[in-house]
Amino acid sequence: ASQPWEGQSIGQPSARRRRDGTVEVFYAGALGIGRAAEQAGVFVAEPEPVLTHDAVPFADGPPHSPAIVELPDGELLLFFTVEIAGRQAIGRSRSADGVLWLTDPVPVLTAGPSGSLDDLGVSAPSAVVGEMASGRGVLYVYFLTRASDGKDRIGMAASFLGAELLEKSPAAMYAPISGVLLDQPSVLRFD
């Protein structure tokens, strides 16, 4: 940790390759989500976070567990985990330029109803853009689910590009048989 807002440690990175070929990494610190950009082969952290609790009015604390994805039109979506009344939820911010971020007024994914695979909350998003056989673009968001049955699973929500609402799948994408502890799913697209 090199910036005062980061606290004692940083983590939960999410990277993307920018159109100029350089890489930028979004990461969690004590007071929010920061960004480090590649400059001449070295990553340099910005002095201030790109997203703090002040920008997420529905959250009880700072955002963490970032997931960055660039849409085909160049818009950036930053998904993140927050705490709301003791449960985790996933929020979303948007940016056209990577500098000004606008956060949705409510979380995009929240805990499901009692007895569902995510009735205690959702967290640790990982986002990727895909394409259907028809050529239509789809945004997929994978996430960790917590359930009152004591099991963690990997869930998934999706929307067509241009749609606002993410629709959660009622089934888990992955559910460990035994002994596997889930944490921070990560999804990559290979062309």
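Is Ala40 buried or exposed? I looked it up: Ala40 has 86% relative accessibility and counts as exposed. My cut-offs are under 20% relative accessible area for buried, over 50% for exposed and partly exposed in between, with a 1.4 Å probe and protein chains only.

Before going on, I noted that this is a predicted model, in which local features need pLDDT of at least 70 and side-chain atom pairs count only at pLDDT 80 or more, while totals for chains, interfaces and linings use all residues. Residues are numbered from 1 along each chain as its sequence is written, and side-chain values use heavy atoms, with hydrogens and water left out.

**Entry: backbone angles**

I stayed with Ala40, found in the loop between strand E3 (32–39) and E4. Strands (E, at least two residues) and helices (H or I, at least four) are DSSP runs, numbered from the N terminus. Ala40 is not a glycine, yet its phi is positive, about 55 degrees. Most residues other than glycine have a negative phi.

Ser65 turned up with a positive phi too, about 50 degrees, and it is not a glycine either. Ser65 sits in strand E6 and is buried, at 3% relative accessibility.

**Entry: salt bridges**

I next looked for charged pairs. Side chains of opposite charge can pair when their charged atoms come close. I counted a salt bridge where a side-chain nitrogen of Lys or Arg is within 4 Å of a carboxyl oxygen of Asp or Glu. That rule gives 14 salt bridges.

Which residues does Arg94 pair with? One partner is Glu75, with the closest N and O atoms 3.6 Å apart. Glu75 is in the loop between strand E6 (64–70) and strand E7 (76–84), and Arg94 is in strand E8 (residues 87–95), so this pair links distant parts of the chain, 19 residues apart. Glu75 is partly exposed at 22% relative accessibility, whereas Arg94 is buried with a relative accessible area of 18%.

Glu164 also forms a salt bridge with Arg94, and here the closest N and O atoms are 2.6 Å apart. This pair, too, links distant parts of the chain: Glu164 lies in the loop between strand E12 (152–160) and strand E13 (167–168), 70 residues from Arg94 in strand E8.

I also found a network, joined by salt bridges that share partners: Arg16, Arg18, Arg19, Glu24, Arg35, Glu46 and Glu70. Within it I checked Arg18 and Glu24, whose side chains meet in a salt bridge at 3.7 Å, N to O. Arg18 is partly exposed with a relative accessible area of 23%, while Glu24 is buried at 3% relative accessibility.

**Entry: a pocket and a patch**

How much space lies in the second largest pocket? I get about 190 Å³. For the record, I worked on a 1 Å grid over the protein atoms alone, where a pocket is an open set of points with protein on both sides within 12 Å along at least five of seven lines, and lining residues have an atom within 4 Å of a point. The volume is the space filled by probe spheres set on the points.

There are 12 lining residues, and the closest to the pocket's centre are Gly150, Lys151, Asp152, Pro176 and Val180. The lining divides into 6 nonpolar, 3 polar and 3 charged residues.

Val180 came up again on the surface, where Met173, Tyr174 and Val180 form a nonpolar patch with about 260 Å² of accessible area together. Patch members have over 30% relative accessible area and no salt bridge, and nonpolar side chains are joined within 5 Å.

**Entry: distances between C-alpha atoms**

Pro47 is in the loop between strand E4 (42–45) and strand E5 (51–52) and is exposed at 53% relative accessibility.

Val129, in strand E10 (residues 121–131), is buried at 10% relative accessibility. From Val129 to Ala158, 29 residues apart along the chain, the C-alpha separation is 9.6 Å.

Last, I checked Met156 in strand E12, buried at 14% relative accessibility. The C-alpha atoms of Met156 and Gly137 are 16 Å apart, and the two are 19 residues apart along the chain.

Methods:
Patches are made of residues with over 30% relative accessible area and no salt bridge: like charges are joined within 9 Å, nonpolar side chains (Val, Leu, Ile, Met, Phe, Trp, Tyr) within 5 Å. Accessible areas come from the Shrake-Rupley method with a 1.4 Å probe; for residues, only the protein chains shown count as cover. On a 1 Å grid over the protein atoms alone, a cavity is a set of points where a 1.4 Å probe fits but cannot get out, and a pocket is an open set with protein on both sides within 12 Å along at least five of seven lines; lining residues have an atom within 4 Å of a point. Ala, Val, Leu, Ile, Met, Phe, Trp, Tyr, Cys and Pro count as nonpolar, Asp, Glu, Lys and Arg as charged, and the others, Gly among them, as polar.
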